[in-house]
Amino acid sequence: MPQDGRPTLEAIRHKIRHYCAYQERCHSEVETKLRELGVYGETASEIISGLIAEGFLNEERYACAFAGGKFRQLNWGRVLIRQHLKRKGLNELLIRRGLAEIDEDDYRKCIRRLAEREMARAKGNALLQRQHAMRFLLRKGFEAHLIEEILKDPFDNA
């Protein structure tokens, strides 16, 4: 460590590698972390380039991990996942690749399962229950046309 108490560039590189190895990261998260460590401009760009070359930073891998994780663990829909990936600065191609990680059958089963749960929680007649489920699923980021498709038939016979 230099005399002024700040970490050396090599110590910062080590710390940022560990930060990227612990969990998938995107460029904007790494840039934010570097700013927190007091690294800016050309030095930050060089560190990021090194992370990419060493395989610590890969935005396609990040998009796939983010999309899959948010869907499986938090039951987020594609709309919400897309919004968050855009906020992270990922381009449309990477977002589409990330969303492609979500299996369509699993996605529809998730919508159905969440709809059934929310309809059971809702008070009132069938129409109010469906409205409650629809609002909930829209907030979770599922597409309106899929929600309507799933809500229209399967619950009519119940």
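Reader: Is Arg78 buried or exposed?

Author: The relative accessible area of Arg78 is 15%. The cut-offs are under 20% for buried, over 50% for exposed and partly exposed in between, with a 1.4 Å probe and protein chains only. Arg78 therefore counts as buried.

Reader: Which residues does Arg78 contact, leaving aside its neighbours within four places in sequence?

Author: This is a predicted model, in which local features need pLDDT of at least 70 and side-chain atom pairs count only at pLDDT 80 or more, while totals for chains, interfaces and linings use all residues. Residues are numbered from 1 along each chain as its sequence is written, and side-chain values use heavy atoms, without hydrogens or water. Arg78 is found in helix H5, helices being DSSP runs of H or I with at least four residues, numbered from the N terminus. With contact taken as heavy atoms within 4.5 Å, its partners beyond those neighbours are Leu99, Ile102, Glu104, Tyr107, Gly141, Glu143 and Leu146.

Reader: What is the phi of Asn75?

Author: Asn75 lies in the loop between helix H4 (59-74) and helix H5 (78-87), and at 16% relative accessibility it counts as buried. Most residues other than glycine have a negative phi. Asn75, although not a glycine, has a positive phi, near 55°.

Reader: How are helices H8 and H9 oriented to each other?

Author: The axes of H8 (residues 126-139) and H9 (residues 144-152) come within 10 Å and cross at roughly 150°. Angles over 145 degrees count as roughly antiparallel, under 35 as roughly parallel, 65 to 115 as roughly perpendicular and the rest as oblique. H8 is therefore, relative to H9, roughly antiparallel.

Key. Axes are lines fitted to C-alpha atoms, for helices over the stretch in contact, and angles run from 0 to 180 degrees between N-to-C directions. Helices (H or I, at least four residues) and strands (E, at least two) are DSSP runs, numbered from the N terminus.
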